[in-house]
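Please read the following briefing alongside the model, which is shown first. The notes after it are grouped by topic.

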Amino acid sequence: MQIISIDPTVFFVYGDNALRQLVRLTFASESAHEDLVLRVTGQGIDEMMPLGAVPQGTVEREIYLPDLYQPLEIWFGVYAGRRLLAEQTLNWQPQKHWEVHLVHYSHHDMGYTDLLSKVVRQHAVYLEQVVAYCEETQAWPDDVKFRYLIEQAWSVLHFVETRPPEIVERFMHFARQGQIEITALFGNQTLELCGHEELIRLLYPAFRLKRDYGIEIVSAEHNDIPGIAWGLAGVLTGAGIRYFSPGIPAWYFGTGEERVHPMWDEEAVLPMVRPGAFWWEGTDGSRVLFWHDMHGRDWHPTSYAHALRELPDMLRTLDSTGYEPDVVSYTVRGATPDNTPPLLRYADIAKAWNERWAYPKLISSTNRIFLDTFSAQWGHTLNTLRGDIPGTDYGVAAISTPQETAINRNSHDWLLTAEKLMSMAALIADYDYPQSEINEAYHEIFCFDCHCWGMSQPGGPAQDANWAEKGTFAYRGAALAHNLMVKASNRIADVIHYPDEGTHLILFNSLSWERNEIVRVPLRMWQPHGKSLYWRPPQQAEDGPTLAFGSAVGRAIFDPPLALFENPFQLIDIEKGESIPYQLVNLVDAQAASPWAAERFALGKIDPRYLYEVAFQVEHLPAMGYKSYRIVPCREWPQFESSVTVGQEYIDNALFRVEFDAQTGQILSIYDKELGEELVDANAPHGFAQLLSRQCETGEIEPGRTTHMYISEHGPLYTTLRSKGEGLGCPQWTQEMILYHTEKRIDVNARILRDSIPMLEMFYAFPFRVPSPQFRFEAVDAIIEPLQDQLPGTNSDYYAVQHWAEIHNDGWGITWTSRDAPMVEFGGLWPGYVSSAHHGVTPPGYGHPFLQPGELQQSHLYSLFMHNNFRTNFINVHTGEILLRYSFTSHEGDWRAGRARNFGWGVSNPPLPVWMSGAKAGSLPPATSFCQIDAANVMLLTFKRAEDGRGYILRFIETEGRDTEVNVEFPFLSISEAYESNLVEEDQSRISCNSRSVTTRVPPSGIRTVRVIIDIREH
């Protein structure tokens, strides 16, 4: 007889009040034997156990040994009576007591498997099934009761809104009991494209449920997206979230010989092939437990027997990869696709399993249950990692639809402006704060920023319908935000004092610092979507009032008469009583590179006011306030001094000299006279402000061709150099370079007509010349130095930039901003890294190494504004016009000294104009600040009414990495109480305040939220 193998298994049972381990023995015997006995001896063990009859041949027996906690040498002997037939010595290694948590979820995807509008309804049905399964398993042992993870809050919101209260209450009962876990985030977002406040507000829907139903929110889930914005770490911890479980799809990067660069450096972070965890530290030093659960490798056992067959090998494989803990979670769902229904099957399997085995123990679990256990046992052993995780796929994929993505990007800022103005209007102008419309606007931009762009097959009627629904979110969000801005600003304008008759212009500044810049104000404003009824006073004393529609609150919006601008006039700064220079601009090209140029051009045939703008330099525009101006007719057109000279191939002012080749359209030089520096790299492979089309299949680059170039606008405030051209994928484009004369700023705007050629990437090149460059950029709720402030080995081909990017050296630098296109490549034009899960044809260079710190040598920027090369989900052909708006400035010192934040936010948040008519007694002065902050490195992100209606919320963000005490003054408000709150408006402590101000401390690169209780309004 021979002992062929001794196989200690992962299985344990309880026997004789002790834990015993299942061991499988395999024998080979030349003859049959009766009544064999196995003896097992070693340190602390000496047991005899019957094997019974053993037939001739190969046979397997199962035995149960005591649980052995230490490595030791064990001797196995097989006896027939006293005769030893076979023996073997084994170096015994203790086996883990595995606790396997099964986390049942669906994988939320707004679209992909069905129309967006149908997917939300499907999930409502699923959640009814969840309630039924919770009810069905109430009498089961606690560890195997049906449990369910609601991966994202959007499905619960729809469920709560559409189901009877009694069903909703049963659902919330099980959420309070812990059988259902609702996680923190609204959806699986393309996080790096979210706005600063939007990233925070993604938590609000779940925390509203917490407030309304008494549930707990302790974890966040984020699936299917290989990229996570660093700002999220601080946002989660700032809301009290302890755990973050992003399902990172490791399979996106291939397997075996086809595997390319993984998402991160696996030695420095975690192996992608097994689950694991680390502490993820945010910009402010706070940290959240980051659990990598290997999304896309869910376990799908169909029965107890199926689980028994697969789980032992799964756990052995886990051990072989170096996974140390003895507790692990596996995600399970109803089927392999997205948006799958719940199944009772997994709870059934766990129940049957635990009736047989002590270990591995199966737990019907949630993120919170698992991570509470994991962090308690293993949290102290984890590494702490700090930095961004730049996305490879979804940020780029979002620009498959550049127009709608740009609209949604701009809505982020519009909503911030709207909330600040609405708060002040409510406090000083009896404005009815429209909380439901704000929530609706945020919901629209949330839905657009969710990661899904369409169906699994990116073409045909289904994709057309899905994209139509998706794109609507961007348009609706913009319309809602615009409506709120217009209503609130006009309401405040109604209570300003206008002592003189005539036409007045009020400029509102939504930013928390004083501003000096050029503004352009159209004579005819776009109407908001909401036109409410109001009673218009009678024209004659004997008449009654008339019911009318008003685009403002209680009145129509005023647009000044054209005749006022057709004749000489002065523009008066009312506060100073001085006439200031202006430039009257007339739209003459329907393809001009400005918003709604074609619409204005067409309507200008009916009402010429649509064609005109008045531009002027605003000085000392109060922080988060306004300033008033008046149009005063005069006898002669004012003459404004200007030292600007314009030649056939140059524009020269006091700040810059721009030289260009009118034949080729090439920008040859931009010379900064203050710095004495040339800003354009003449040796770069591509021209400055040059349009480039790259074919995804071949990698060939085709520059756009300029057909003609000319000076289109020239005056004391700015000069516009306009060019027309064509290129691969864009049969016509208009480009405008605007050189400002009283502000150190240059704009490059373009209107591009995109045709139906697929498989293209499109760029704008900005090859700046900054020797020994260092880079910084504003990401969502973070300032990032590429290659340094990111996890080791993560994507370096492109980054999602918010309001500004900076290139500087020890002496000077350039701040650049893009209002519409988020994706930027630093240092060169890189091959791109959209993974094999999404890209269509594999582009040349795919799989190349990422850059390492110190390898960014060239001070070049490339704006990647359109990408159409996909096999699933996204858009390969998206024809139509694209508007791109870029601005840059140069300065002494680094990004802090150059006030990069102020420039970037100022460009994206131009002062908001309101026209008013006639003299009017009002309670507000012609210019004032509603809110003043004494720390230049701290900005007021938002000022809004509290979600629970108790006071107002101030949110501050520190932008230069310095611990700062900031004092905030409110000239027109009376404050009775103030509280420091967390990011979801849960008060933490009361802080001192006086009637006009409150002081708080903002940590370096951190966010602080303060609630103020306002007693009275004084103005």
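**Briefing on the predicted model**

R20 and E47 form a salt bridge in which the closest N and O atoms lie 2.7 Å apart, a salt bridge being a side-chain nitrogen of Lys or Arg within 4 Å of a carboxyl oxygen of Asp or Glu. The pair links distant parts of the chain, with R20 in strand β2 (residues 18-29) and E47 in strand β4 (residues 45-54), 27 residues apart. The model is predicted, so local features need pLDDT of at least 70 and side-chain atom pairs count only at pLDDT 80 or more, whereas totals for chains, interfaces and linings use all residues. Residues are numbered from 1 along each chain as its sequence is written, and side-chain values use heavy atoms, with hydrogens and water left out.

**Salt bridges**
- Over the whole structure, a search finds 69 salt bridges.

**Helix packing**
- The axes of helix α11 (residues 402-428) and helix α13 (residues 460-493) come within 8 Å and cross at roughly 30 degrees, where axes are lines fitted to C-alpha atoms, for helices over the stretch in contact, and angles run from 0 to 180 degrees between N-to-C directions.
- α11 and α13 are therefore roughly parallel to each other (angles under 35 degrees count as roughly parallel, over 145 as roughly antiparallel, 65 to 115 as roughly perpendicular and the rest as oblique).
- The residues of the contact of α11 with α13 divide into 17 nonpolar, eight polar and two charged.
- α11 also packs with helix α12 (residues 435-449), at an angle of about 155 degrees and with the axes 10 Å apart, and α11 and α12 are therefore roughly antiparallel to each other.
- Helices (H or I, at least four residues) and strands (E, at least two) are DSSP runs, numbered from the N terminus.

**Nonpolar surface patch**
- L533, W535, L547 and F549 make a nonpolar surface patch of about 490 Å², patches being made of residues with over 30% relative accessible area and no salt bridge, with nonpolar side chains (Val, Leu, Ile, Met, Phe, Trp, Tyr) joined within 5 Å and like charges within 9 Å.
- Accessible areas come from the Shrake-Rupley method with a 1.4 Å probe, and for residues only the protein chains shown count as cover.
- The elements that give two or more residues to the nonpolar patch are β20 (532-536) and β21 (546-550), and F549 is found in strand β21.

**Backbone geometry**
- The peptide bond from Y359 to P360 is cis, with omega near -5 degrees, and P360 is placed in the loop between α8 (345-356) and β16 (361-365).
- M624, in the loop between β25 (612-621) and β26 (625-633), has a phi near 35 degrees, a positive value in a residue other than glycine.

Key:
Nonpolar A, V, L, I, M, F, W, Y, C, P; charged D, E, K, R; others polar.
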